[in-house]
Amino acid sequence: MAPRVHAAQATGIATLTLDSPGNRNALSADLVAELRSALAATAADTAVRAVVLTHTGTTFCAGADLKSPCDPADFLALLRETAELPKPVVARVTGHVRAGGLGLLGVCDIAAAGPQSSYAFTETHLGLAPAVISMPLLPRLDPRAAARYFLTAEAFDAAEAARIGLLTLHGDDVDATLEPVLAGLRKASPQGLAATKALTSAAVREALTRDGSRLTELSAGLFASAEAREGITARFERREPSWSL
């Protein structure tokens, strides 16, 4: 089976690329396991100053793999390991991000995107809630915007994502936009980066530790519910769920 995560390294930057086009880089058990392994390898590599997380295709991450979802505890572990990695993680997005994929984006220290990217918290339309992903996101997002987009599942663009705190920056050419960011990270000391990331990610790490078990249980319970079964079935059958008005 082909790898779902590819790793490359150049001048102190490790690039991890999500490459599972068959399910739009959804959070399957295999993809989550491979990404956790790749992140652990960057942590142990003294040549790596920072990590860029990016993707192939038109979707950064579609959220949970509804046909073969990963264990919520494994996804929680991935979020914790990303937040606790002693090296900055920079998201590079050129496509769509949905549901659980937004949690992966939100736990990154810096996030940059191009003009074709779009975002939506689709959980409520499936009978679910953005439970686990709320932990890295709520400390970063404008509270009014979080309430709106969590509840309504509306899609929004990169400019709005930057306005509400989901993205750090965006531009017509995401690589040109990231040039000064990566240049700054390359010039920083490993010790300085690790200590500074510990400061800036403290609220996210605290939320993951404090609420991780409770929200993982909530997520699992919602996925097992009758409403979620109806919502997910409706999505596969390309129809409106029974509760839609």
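1. Basis of the note. This is a predicted model, in which local features need pLDDT of at least 70 and side-chain atom pairs count only at pLDDT 80 or more, while totals for chains, interfaces and linings use all residues. Residues are numbered from 1 along each chain as its sequence is written, and side-chain values use heavy atoms, with hydrogens and water left out.

2. Overall fold. The protein contains 10 helices and 10 strands, these being DSSP runs numbered from the N terminus (helices H or I, at least four residues; strands E, at least two). Its radius of gyration is 17 Å, close to the 18 Å that the globule rule gives for 245 residues, so the protein is as compact as a globular protein of that length; the radius is taken over C-alpha atoms, and the rule is 2.2 Å times the number of residues to the power 0.38. Along the principal axes, the C-alpha trace spans about 55 × 35 × 35 Å.

3. Of the 245 residues, 49% count as buried, meaning under 20% relative accessible area, with exposed over 50% and partly exposed in between (1.4 Å probe, protein chains only). Among contacts with a separation of 6 or more, 72% come from residues 24 or more positions apart, a contact being heavy atoms within 4.5 Å.

4. Surroundings of F121. F121 sits in the loop between strand 8 (118-120) and helix 4 (134-137) and is buried, with a relative accessible area of 1%. Leaving aside neighbours within four places in sequence, F121 is in contact with A99, L102, I133, L137, L141, Y149, F150, A153 and F156.

5. A153, a contact of F121. A153 lies in the loop between helix 5 (143-152) and strand 9 (156-157), where its phi is near 65°, a positive value in a residue other than glycine. With a relative accessible area of 11%, A153 is buried.

6. N25. Although N25 is not a glycine, its phi is positive, at about 55°. N25 is placed in the loop between strand 2 (13-18) and helix 1 (29-44), and counts as buried at 1% relative accessibility.
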